[in-house]
Amino acid sequence: MDQLSCIYWFSGTGNSLYAAKKLSEGLGGLPLVQITNQTASDAVGGVGGKIGFVFPSYYGNLPRAVRAFVERLAIKPDTYIFAVVTMGAVGHGSIGVLQSVLKAKGLTLSYGRGLTAPANYVMKYNPADPAKSSAAMEKANQKLQQITAEISAGKQVVKKLPITANNLYKDIASLDAAFTVGDSCTSCGICEKICPVGNIRLDNGKPVWLHHCEHCAACISWCPVKAIDYGDATKNRRRYRNKLIHVSELTRKE
């Protein structure tokens with residue numbers, strides 16, 4: 001069945017899913033569709049339709065899974081296409097990348113903005129403490145109200161900066177080699193279920209990474225016993241996950 005309007009989301013620690021849910025609520029309950037390796041077979045959008053993409057910025061770039069999904073997705077001409085990018089700092093370069101991907105398909109990005117959320121890339125730094133994270137989410141909620149109103153009104157604006165880096169995209173096969181699993185692992189399988197690109201499987205009850213990682217930090221952040229680390233760097237670092245999102249909401253849907 002053709003889908004006139006919906007929001008496609010990709011999320012690791014829950015910030016982008018939270019933003020997508022708030023946008024959906026403010027836009028009359030637009031259906032939410034998780035970006036995974038699956039793609040709808042029918043074209044979406046069309047005159048009067050709104051198709052949205054909500055995802056995190058990775059080094060000012062698009063997550064590879066998001067880019068591949070958009071490249072495959074059939075979108076009808078004259079669709080109002082919007083994007084909201086969650087980021088810890090400057091992440092607008094990813095909007096420009098999305099704009100280019102859509103342009104190559106003969107489509108136009110109608111609206112694009114960044115949304116500052118709690119920084120949480122635990123593999124590189126210690127995520128903010130709970131108090132600072134809560135304050136950041138309060139500001140994000142205020143911004144989401146503005147973004148929702150602008151999208152609802154059909155505003156045409158794309159806020160971007162020419163900042164992208166390809167650090168995350170080098171040596172992709174080895175990106176997940178540094179993950180380790182401690183003795184506290186209970187073989188609960190949450191890491192396997194929550195990986196948005198199916199990069200983890202359990203082998204004898206322990207997670208094994210399959211070398212097509214997005215570095216979304218879902219596995220390390222949502223492990224209930226903090227059994228997963230990334231080398232030695234994360235052993236004493238906090239884990240961040242959006243407290244308003246339940247782990248079951250992030251489970252990969254086929």
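This is a predicted model: local features need pLDDT of at least 70, side-chain atom pairs count only at pLDDT 80 or more; totals for chains, interfaces and linings use all residues.
Residues are numbered from 1 along each chain as its sequence is written, and side-chain values use heavy atoms, with hydrogens and water left out.

We can begin with the helices, which are DSSP runs of H or I with at least four residues, numbered from the N terminus. Helix α1 (residues 15–26) and α4 have axes that come within 10 Å and cross at roughly 45°; axes here are lines fitted to C-alpha atoms over the stretch in contact, and angles run from 0 to 180 degrees between N-to-C directions. That angle makes α1 oblique to α4, given that angles under 35 degrees count as roughly parallel, over 145 as roughly antiparallel, 65 to 115 as roughly perpendicular and the rest as oblique. The crossing of α1 past α4 is right-handed, meaning that the near helix is turned clockwise from the far one by less than a right angle. On the α1 side, Asn15, Tyr18, Ala19, Lys22, Leu23 and Gly26 meet Met137, Asn141, Leu144, Ile147, Thr148 and Ile151 of α4, where contact means heavy atoms within 4.5 Å. By class, this contact of α1 with α4 has 7 nonpolar, 4 polar and 1 charged residues (Ala, Val, Leu, Ile, Met, Phe, Trp, Tyr, Cys and Pro count as nonpolar, Asp, Glu, Lys and Arg as charged, and the others, Gly among them, as polar).

Turning to the other pair, helix α2 (residues 64–72) packs against helix α3 (residues 93–104) at an angle of about 25°, with the axes 9 Å apart. The two helices α2 and α3 are therefore roughly parallel to each other. Arg67, Val70 and Glu71 of α2 make the contact with Val97, Leu98, Val101 and Leu102 of α3, a set with 5 nonpolar, no polar and 2 charged residues.

Helix α4 returns in the second largest pocket, where α4 (residues 130–152) gives the largest share of the lining, 6 residues. A pocket is an open set of points on a 1 Å grid over the protein atoms alone, with protein on both sides within 12 Å along at least five of seven lines; a cavity is a set where a 1.4 Å probe fits but cannot get out, and lining residues have an atom within 4 Å of a point. This pocket has a volume of about 290 Å³, a volume being the space filled by probe spheres set on the points, which are joined across faces, edges and corners. Of its 16 lining residues, Pro130, Ser133, Ser134, Tyr240 and Lys243 lie nearest the centre.

The largest cavity, of about 120 Å³, is lined by 18 residues, with Cys185, Cys188, Gly189, Cys191 and Cys223 nearest its centre. The elements giving two or more residues to this lining are α5 (190–194) and α6 (218–222). The lining of the largest cavity divides into 14 nonpolar, 4 polar and no charged residues. The second largest cavity has a volume of about 90 Å³, and Cys195, Cys213, His215, Cys216 and Cys219 lie nearest its centre among 14 lining residues.
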